[in-house]
Structure formats: C-alpha cells, structure tokens
Amino acid sequence: MKSSSRLLAWFFLVLWFAWIHALQERLSVNETFALATPDLGMVFFVGLLGVVRKNDLFLVAILAAICRKSFSVEPGLAILCGFLALAWLASLLREMVELSSPLWRAVLAGLGALGLSLWLEVVQFTRVGVSLPPLDVLIALAFTSGLAALAIGGFSIRLPGLTPLRAED
Amino acid sequence: MIRDLGRRRTIYFVLLVVCAVLSLRPIPLVGGVIELVFVPTRLIAELVAPLAWLRSGEVRAAERQIDAEARVVRGAAADLLAIEQQSALPTRPKLLVGRRMIHGEVIRRSRGDLDRVEVRVASTEGIVPDLPVITGDQYVGRVARLGNQENMILVDLVTGKDFFVGASVARTDWRGEAIGESVEFVVGGLAPRSMDEQLHLALHNPSLRGIKKGPVHVFEPADMDPELAELSRGFSLGELQTLQTISGSELPLIQSPLDFKSGLFQVIVLAPEDKASAVEMLQLETFVEDNWIRTSTLTRGDVTPTREGRRLARGSLAGLRTGQAVALGAHLVGRVGETGPLAADLIGLGDPGVRLAVLAEIEGEASPRPLGELVALGRSRHDGSLGFRWICRIDLGEAREGELLEADLYTGSGEDGVPRGLFIGETELPTTRRPHEITVWQDPAVRELERVFVWKGPEVKRRPESVTRLGGTR
C-alpha cells in the first residue's frame with residue numbers, strides 16, 4: 001500500500017470523525033433527539049476497531065479523541081484516556097473474538113458509550129463535586145449507541161477514502 | 001515476539017493509568033503540555049463550519065435581540081450597582097462622622113483560606129494594616145496588608161480562627177431596658193458548625209457569664225490603639241444567641257446578618273479623617289468595552305448530552321483564562337473552562353458545577369441583596385430552566401415560611417474573572433435560612449449566540465515589592 005494513499009486515508013478519517021461528531025453535537029442539542037442521541041463518534045470508532053491494522057488502533061484512538069474534544073468541553077486528557085482504554089481492550093479482544101461481527105460491534109459500542117460517559121462524569125464529579133447524572137440517561141445512551149452500531153457500524157470502513165486503512169488479512 | 005508484545009501492553013497499561021490519574025487530579029504544568037496535543041481541535045471545528053450556516057438566521061435574530069435589550073439592561077444594572085455601592089456605607093449618622101471611608105469591592109476569595117479576601121479599593125492612599133473594614137453598619141474585619149497589584153488590599157475577616165476583636169452587649173431586663181454595665185468579651189473565629197450550614201461567630205472570655213441575647217457591637221479596648229479603637233467602635237457584629245448543645249450545656253454565639261463565606265461583595269475601609277475626600281467610591285467598569293475580548297463560538301453544544309458547553313475560537317494566546325466571564329450585551333452566557341493556545345471551552349450556566357456569586361434585585365426592595373454563591377445543577381430538559389443550589393445564610397426580610405420572593409439575578413463580586421452586574425435570569429427565592437434548590441429562567445436567546453465577549457478586566461499594574469512589604473509591617 002502506498003504511503004501517500006494511507007496518509008490521505010488518515011486525513012479522510014479526521015474529516016469523517018469531525019463531521020460525525022458535529023452531527024452528534026447538533027442532535028444532542030435538538031429537543032427531539034436530546035438524551036436519546038446515540039454516541040455516533042463511538043459507533044464509528046468501534047466500527048473501525050475490528051477492521052483496521054492492529055498497529056493503527058492507537059492512532060485511530062488519538063484522532064478520535066482529538067476530534068471529539070473539538071466538539072466537547074470535557075477535559076481533553078480524560079477523553080483521550082477513554083478512547084485509548086477502549087483501543088487497548090479491543091487489541092486484547094481481537095485475539096479472542098471477531099470484533100467486526102455486527103453483534104460484537106453493537107456490544108462494544110454500547111459498553112464503550114456507557115463506559116466513556118461514566119468515566120467523564122466521574123472526572124467531572126472529582127473536579128467540581130457535582131452529583132452524578134441518573135443512570136437511566138447513561139443506559140439510554142448505551143442502548144441507542146448499540147443499536148446504531150448494529151445498524152450502521154459496518155459502514156465505518158466503507159466510508160469514502162478509508163479503504164487504505166483496512167487490515168490486509 | 002510474544003514477550004515483546006506483552007511488555008508493550010504493560011507499558012501501555014501503565015501509561016493509561018497515569019493518564020487516568022492526571023485526568024482526575026490535573027497538574028497545571030502537565031496539563032499545559034497536553035493541551036498542545038489538542039491544538040488541532042481549533043482547525044477541526046472549522047472543518048464543519050458549513051453546518052453553522054444552516055442556523056445563521058436564528059443566531060443573527062438572537063444576537064439582534066440581545067443587542068437591542070443591552071442598553072436597557074445595562075442601564076438597570078448600573079443603577080442597581082450604584083445603589084449596592086451606596087448601601088455599603090454606614091446608615092447610622094453616628095457611624096458616619098469622624099472617619100474617612102474608602103470603598104472597595106471583594107475581587108476574589110481563596111478556596112483554601114476563606115477567612116481572607118482580596119479587595120480592590122478606590123484608593124490605597126493612607127491605607128495601612130489593621131484599619132477596620134465594614135459593610136453598612138456591620139463590622140467585617142481588618143486590613144491585613146497591601147496586595148501585589150495596585151489598588152488591591154488583603155482583608156482578614158472576623159471569621160478567622162486567629163482573629164480577635166473586642167465587643168460588648170448591653171445587659172437588659174425582661175422588658176429590654178438597659179441595666180447596669182454592658183458585658184464585654186472577645187469575638188473572633190467561628191462557633192462549632194451547626195447542622196444547617198449556617199456560620200456563627202464565636203465568643204470568648206465574657207466579663208460576666210449568663211447573658212443570653214442582645215445586639216453585639218465592636219468595643220475595642222482603648223489601650224490597644226486609641227485611634228483604631230475609635231474607628232471601629234459601635235459597628236455591629238450581629239445578634240447574641242444561646243444554643244443548647246447535645247450534652248445540655250449552653251453555647252453562646254453570634255449570628256451575623258452577613259454571609260461571610262460567599263456573600264460579602266462591597267466593603268468600606270475606615271481610615272482616620274484627613275484632608276482627602278471623606279468618601280471615595282470605585283468606578284463601575286463592567287460595561288467598559290476595552291475590558292472585554294471579542295470572540296465567537298465554534299460549536300452550538302456538546303457531544304455529551306449531560307453537559308452544556310461550547311468551544312470558543314480564541315485561547316490563551318488571546319488572553320483567555322479559566323474562570324473568566326463570557327457575555328453578550330448585559331447577559332452572562334457562561335464562564336471560560338479549560339484553555340488551549342488557540343481555543344477554549346465555554347461552560348454554560350446549565351452545566352453542572354458552575355459557581356457564581358450572585359446579587360438579587362428583589363421585587364419591592366430598594367437595594368439589592370447579596371445572595372452568596374450559587375452552584376449550577378443543570379438545565380431542565382422539560383422547560384429549559386436552570387437549577388441552582390443555594391445555601392441561604394441571610395435574612396430576606398419579613399417573608400413568611402414558604403413564601404417566595406420574585407427576583408432578578410445579577411453577577412455579584414468575589415468570583416475571580418466575573419465582573420458584577422451581568423444579568424443571569426429571573427427566579428423566585430425562598431426565605432428560610434437553609435440549603436435550597438432554586439429555579440432560574442434565562443433568556444432563551446442566550447443559548448443561540450455566536451458572537452460573545454470574554455472579560456479581561458481593567459489593566460492592573462503590579463505594585464513594587466518594597467511597597468507591598470512596607471504595607472505588611474505596620
């Protein structure tokens with residue numbers, strides 16, 4: 001694979017992450033979707049975890065974190081920590097299960113969305129001392145994210161410009 | 001090969017743990033370096049700029065509305081603040097004579113040392129350590145020393161555990177008529193904390209035991225420094241009360257009408273009378289254009305649905321600092337969160353944890369009331385109202401239990417980076433002295449804005465160190 005096409009693919013990845021997070025941000029302030037908005041950034045990220053090269057996992061996580069921070073006031077380091085933890089978990093799971101299967105993708109996206117939200121809430125709680133949000137909000141987020149991953153997660157790697165990132169196996 | 005992979009995973013895991021710890025307990029120096037990783041976020045937010053075009057009509061309409069209201073709301077706020085400043089002066093004629101009065105505003109209080117506040121004064125000429133500080137007819141504390149910046153002083157509050165001031169209470173019979181000599185004692189520090197988070201001043205070494213109630217006034221012994229003793233004499237410290245402890249003994253303490261923890265906004269430094277003007281007041285600087293940095297928002301909301309924040313298009317290189325107020329017109333939009341070199345976070349008022357010192361204009365009352373600190377609990381998804389936690393530590397008139405008072409809320413003093421007089425919203429205030437959750441209605445247009453201003457404040461010069469040292473050694 002030419003390195004220039006891979007470089008272009010990384011650029012496209014940032015572009016897609018940016019637009020997906022922007023869409024998620026717009027949906028989360030929309031009165032109709034609000035708390036039922038799936039974590040689309042996480043769905044896209046998990047969709048990639050099962051199909052990109054193992055060596056690329058952590059770079060994907062770093063780019064996902066930077067793009068999410070562009071649309072969030074959560075602490076950047078905490079976001080980075082959340083995505084890197086998920087990439088680490090995925091690198092372990094890939095040796096045991098088929099992460100690119102729809103079911104595993106849905107489970108990982110649901111748990112990832114729940115885990116990341118919970119982690120960011122804990123960070124907020126530790127820093128400013130406000131109470132944690134009700135669990136039903138987080139469970140709704142996990143459920144809609146899992147459903148979204150089941151329905152559209154498989155399209156992640158098929159988005160224009162990303163093919164060079166696919167693992168050749 | 002497998003061993004190498006295992007080692008790499010272990011190193012990675014250790015790095016993850018370090019990241020997690022730093023997320024929970026940030027270290028500013030490390031945080032500054034990590035912020036560099038997120039510099040591209042400024043550019044990435046621009047990549048989706050076409051999305052903003054879809055709602056540009058709503059944004060322009062909201063900005064026009066806020067701009068149109070600005071003149072009226074600013075005028076109302078300026079009038080209110082002028083009254084607030086005046087209400088810091090003593091009301092009893094006896095307390096007005098023989099003293100030079102220098103007005104000051106509490107600028108910041110340290111989270112670590114609540115018994116010392118930093119005050120910006122109209123003039124530091126003639127201000128020396130130990131001069132008494134008051135607000136209205138109430139005694140507040142003493143000047144500790146000059147601050148590191150011009151026109152700034154540090155004030156030790158009477159709540160400090162090492163603070164002592166002479167005081168007296170008149171002995172009265174059952175009809176309230178004075179009998180015999182008044183009882184003298186020392187006041188300073190806080191009495192043991194009661195359950196309802198109210199603060200009471202402690203009382204020590206009474207000249208006569210058994211006195212249970214009555215108004216307490218400053219009565220410094222003249223042998224200390226006759227001039228200083230005379231300046232503070234007659235100012236009130238509060239009302240003497242007697243509580244029954246669990247063990248059955250009686251605990252005398254003083255209930256002050258002031259909220260020393262977060263509701264002290266305007267103060268007066270008392271100095272000996274001289275040729276200078278008898279009363280010197282601060283100028284209001286909130287609505288001076290040069291004190292604000294113009295910027296815009298890059299996003300409309302946050303990807304996390306439980307947060308209310310936006311990204312700002314300027315960062316620390318443009319002078320943005322964590323905690324600064326963000327406003328448009330006379331409306332407070334939020335406060336600056338984390339800052340990177342090129343972009344920063346704007347934390348909205350609906351974001352849980354935002355802290356504000358608040359001044360209330362209560363319907364039917366001539367002067368505004370400092371409410372103290374409000375902590376944001378979040379925004380209601382049903383009606384868009386804001387929830388705040390407020391510990392009422394002041395008397396709000398003669399309202400009956402359960403009665404609510406309609407009020408407009410403005411920013412007060414004492415929160416670093418937030419100027420006084422920015423409009424927050426409307427509310428109904430409960431009147432009982434205990435913790436409450438109050439609902440505030442904010443103008444919905446405030447959430448639609450793109451063009452905003454960040455408070456940088458008037459330019460302050462650092463004071464030469466020799467002068468600061470001189471001020472600290474009276």
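Is Asn151(B) exposed, partly exposed or buried? Asn151(B) is partly exposed because its relative accessibility is 31%; here, buried means under 20% relative accessible area, exposed over 50%, and partly exposed in between (1.4 Å probe, protein chains only). The model is predicted, with local features needing pLDDT of at least 70 and side-chain atom pairs pLDDT 80 or more, while totals for chains, interfaces and linings use all residues. Residues are numbered from 1 along each chain as written, chains are lettered from A and ligands numbered from 1 in written order, and side-chain values use heavy atoms, without hydrogens and water.

View 1. Asn151(B) sits in the loop between strand S4 (138-146) and strand S5 (152-157); helices (H or I, at least four residues) and strands (E, at least two) are DSSP runs, numbered from the N terminus. You'll find Asp130(B) in the loop between strand S2 (116-121) and strand S3 (132-135), and its 37% relative accessibility makes it partly exposed.

**View 2. Arg109(B), buried without a salt bridge.** This arginine belongs to strand S1 (residues 99-109) of chain B. A salt bridge would take a side-chain nitrogen of Lys or Arg within 4 Å of a carboxyl oxygen of Asp or Glu, but the nearest side chain of opposite charge, Glu415(B), is 6.0 Å away. (Lys and Arg count as positive, Asp and Glu as negative; His and chain ends aren't counted.) The Arg109(B) side chain does reach backbone oxygens: that of Lys261(B) at 3.3 Å and that of Leu264(B) at 3.0 Å. Leaving out residues up to four places away in sequence, Arg109(B) touches several others, including Arg116(B), Ser413(B) and Gly414(B); contact means heavy atoms within 4.5 Å.

**View 3. Helix H2 of chain A, largely enclosed.**

**View 4. Phe143(A) on helix H6.** With 56% relative accessibility, Phe143(A) counts as exposed.

Note on methods. A polar contact is a pair of N or O atoms within 3.5 Å; within protein, one must be able to donate a hydrogen and the other to accept it, and residues adjacent in sequence count only if both atoms are side-chain atoms.
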